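Today I am opening my notebook on a new chain. Come along and look things up with me, one entry at a time.

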Amino acid sequence: GMVRALRMPAKSSPLTTTGVSPMFARHMSTIDSIAKTRNIGISAHIDSGKTTVTERILFYTNRIKAIHEVRGKDGVGAKMDSMELEREKGITIQSAATFCTWGENTINIIDTPGHVDFTIEVERALRVLDGAVLVLCSVGGVQSQTLTVDRQMKRYNVPRIAFINKCDRSGANPMKVLDQLEDKLHINAVPIQIPIGLEDSHEGVVDLISQEAVYFKGPNGDEIERVAIPAELVEEAKERYNFLIESLSEIDDVMVEKFLNEEPITKADIIDSIRRMTIELKFTAVCMGSALKNKGVQLLLDNVVSFLPSPYDTKNSALDVDNDETSVDLKTDPELPLVALAFKLQENRFGQLTYLRIYQGTLARGDSIKHVAKDAKIKVPRLVRMHSEEMEDIESAMCGDIVAMFGIECASGDTFTDMKTNYSMESMHVPNAVMSYAIAPKNRSKDSGSFGKALNRFVREDPTFR
């Protein structure tokens, strides 16, 4: 709760006219901005429409002015797939982080690789997320790859909401996918929406929490209409609403109380309950729609903000290097010593970009920080916020933020701290290689330099490769 100071006449008091000191006001706005941050991954198996969902999110959050299809009918690929290889194949490999805003909230989307071959990269990306959106295809449903992604999410205790995409496709059956989430993944998945029409006649969704029909009009689906539920769906909407309340009452003590005392349950009560249970990993709210046909994406964004954790809601720990790598808890507090993880390196036309997740403290341009792995001091040259390929320069960032640094020599998985703290986010002990292999360039005299350089990049990206 906010402490509201009494408003006092300016003359007799050092307080500002709003009744709080500038420092306190700044402190409150810092807390507020961290609470309004969401670091999310969008996880899915191939072809469930993850890239289209991501692109639509970037479109509605206004970072992309035109919508393109992933497979590039117009030759312009989707925004996140910045590697050429992906442009050709229409798959997403690179865990880039993209910053966007939705209302007053900041959303960082960490692009998690969906392919199992990139495990160390996937796992590192999962440490950086606070929550995730599981995208499923309403036709294909849960597939073997969904199982792998699901295992990783569970291992890293990542709270999730689900989005059943492609409800416009022939053979769309979101209710079958719901059953699969329960049966195959053992997730307590409960719909908070039902589709209005499927296949060719998919027009929108019923929002069960507010008991309204939501339609997405206009060429890009950005005109949202909330109206009465169509007569033929009223009955089902009521049943599903009751099921939602019952599901929450089974796991949430606050809801149990209300339910048993027959107190009226408000929309806010439901949202609070879903949020608590999602963060406790006991509940997964399921939304529906079709990213391709611009249906349901804005509601998905609302739900990311309503139900997924802020950096305050997640527990993170580091290893104390001076103390035999004992685990220490980190606090999401901008005033504490800096602890940040370099989770992804990228070479681009400007040089080496190091993506950082800040877990504790504050990082500013020009700061002297410690590169823990090398026990070296470095100066922060330039801080940027990334939007897929475009960069935005920033002066400073704080715990909960995801930013990138320029021109720093380091490896993926390295930790940066203030000059005094000696913590590492990942163990410095890299397991021994399972297999070894000798390779040499065809033309030793000519190519050995660039060959060595290429191998070096692999080493920096993946500590298990040496």
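**Entry 1**

I looked at H9 and H10 and found them roughly perpendicular to each other, a label used for angles of 65 to 115 degrees, while under 35 counts as roughly parallel, over 145 as roughly antiparallel and the rest as oblique. Helix H9 covers residues 267-279, and H9 and H10 pack at an angle of about 70 degrees with their axes 9 Å apart. Axes here are lines fitted to C-alpha atoms, for helices over the stretch in contact, and angles run from 0 to 180 degrees between N-to-C directions.

I then listed who makes the contact (heavy atoms within 4.5 Å). H9 brings Ile271, Ile274, Arg275, Thr278 and Ile279, and H10 brings Val305, Ser306 and Phe307. By class, the contact of H9 with H10 has 5 nonpolar, 2 polar and 1 charged residues. For these classes, Ala, Val, Leu, Ile, Met, Phe, Trp, Tyr, Cys and Pro count as nonpolar, Asp, Glu, Lys and Arg as charged, and the others, Gly among them, as polar.

**Entry 2: ground rules**

I noted that this is a predicted model, in which local features need pLDDT of at least 70, side-chain atom pairs count only at pLDDT 80 or more, and totals for chains, interfaces and linings use all residues. Residues are numbered from 1 along each chain as its sequence is written, and side-chain values use heavy atoms, with hydrogens and water left out.

**Entry 3: the whole chain**

I counted 11 helices and 24 strands in the chain. Helices (H or I, at least four residues) and strands (E, at least two) are DSSP runs, numbered from the N terminus. Of the 466 residues, 52% are buried, where buried means under 20% relative accessible area, exposed over 50% and partly exposed in between (1.4 Å probe, protein chains only). Among contacts with a separation of 6 or more, 67% join residues 24 or more positions apart.

**Entry 4: the cores**

How many residues does the largest nonpolar core have? I found 38, and those with the most contacts inside this core are Ile107, Val133, Leu244, Ile270 and Ile274. A nonpolar core is a set of buried Ala, Val, Leu, Ile, Met, Phe, Trp, Tyr and Cys residues joined through side-chain atoms within 4.5 Å. Helix H10 (residues 297-307) gives the largest share of this core, 6 residues. A second, separate core of 26 residues includes Val158, Phe343, Ile402 and Phe406.

I also followed Val133: leaving aside residues up to four places away in sequence, Val133 touches Ile40, Gly41, Ile42, Ser43, Ile161, Phe163, Leu300, Val304 and Leu308.

**Entry 5: enclosed helices**

In H10, 9 of the 11 residues are buried, so H10 is largely enclosed by the rest of the structure. Leu300, Val304 and Phe307 are among them. For helix H2 (residues 50-60), I found 11 of the 11 residues buried, so H2 is largely enclosed too. The buried residues of H2 include Lys50, Glu55 and Arg56.

**Entry 6: a sheet of four strands**

I traced an open antiparallel sheet of 4 strands in the order E7-E8-E9-E10. Strand E7 (193-196) and strand E10 (223-227) stand at the edges with a single partner strand each, so one side of each lacks a neighbour in the sheet. From one strand to the next, the twist averages 30 degrees. Helix H7 (residues 231-251) packs on the sheet, touching E7 and strand E8 (204-207), and its direction makes about 165 degrees with that of E7.

Strand E9 (residues 212-217) and E10 pair in the antiparallel sense over 5 bridges; two strands pair if DSSP finds at least two bridges between them. Val214 has Arg226 in E10 as its bridge partner, and Phe216 stands opposite Ile224 in E10. The hairpin of E9 and E10 has 5 residues between the strands, and Gly218 there takes a positive phi near 85 degrees.

**Entry 7: a sheet of three strands**

Here 3 strands form an open antiparallel sheet in the order E13-E12-E24. Strand E12 (residues 316-320) pairs with E13 over 5 bridges, and Ala318 has Val328 in E13 as its bridge partner. In the loop between E12 and E13 I found Asp324. Asp324 has a positive phi of about 60 degrees although it is not a glycine. At 72% relative accessibility, Asp324 counts as exposed.
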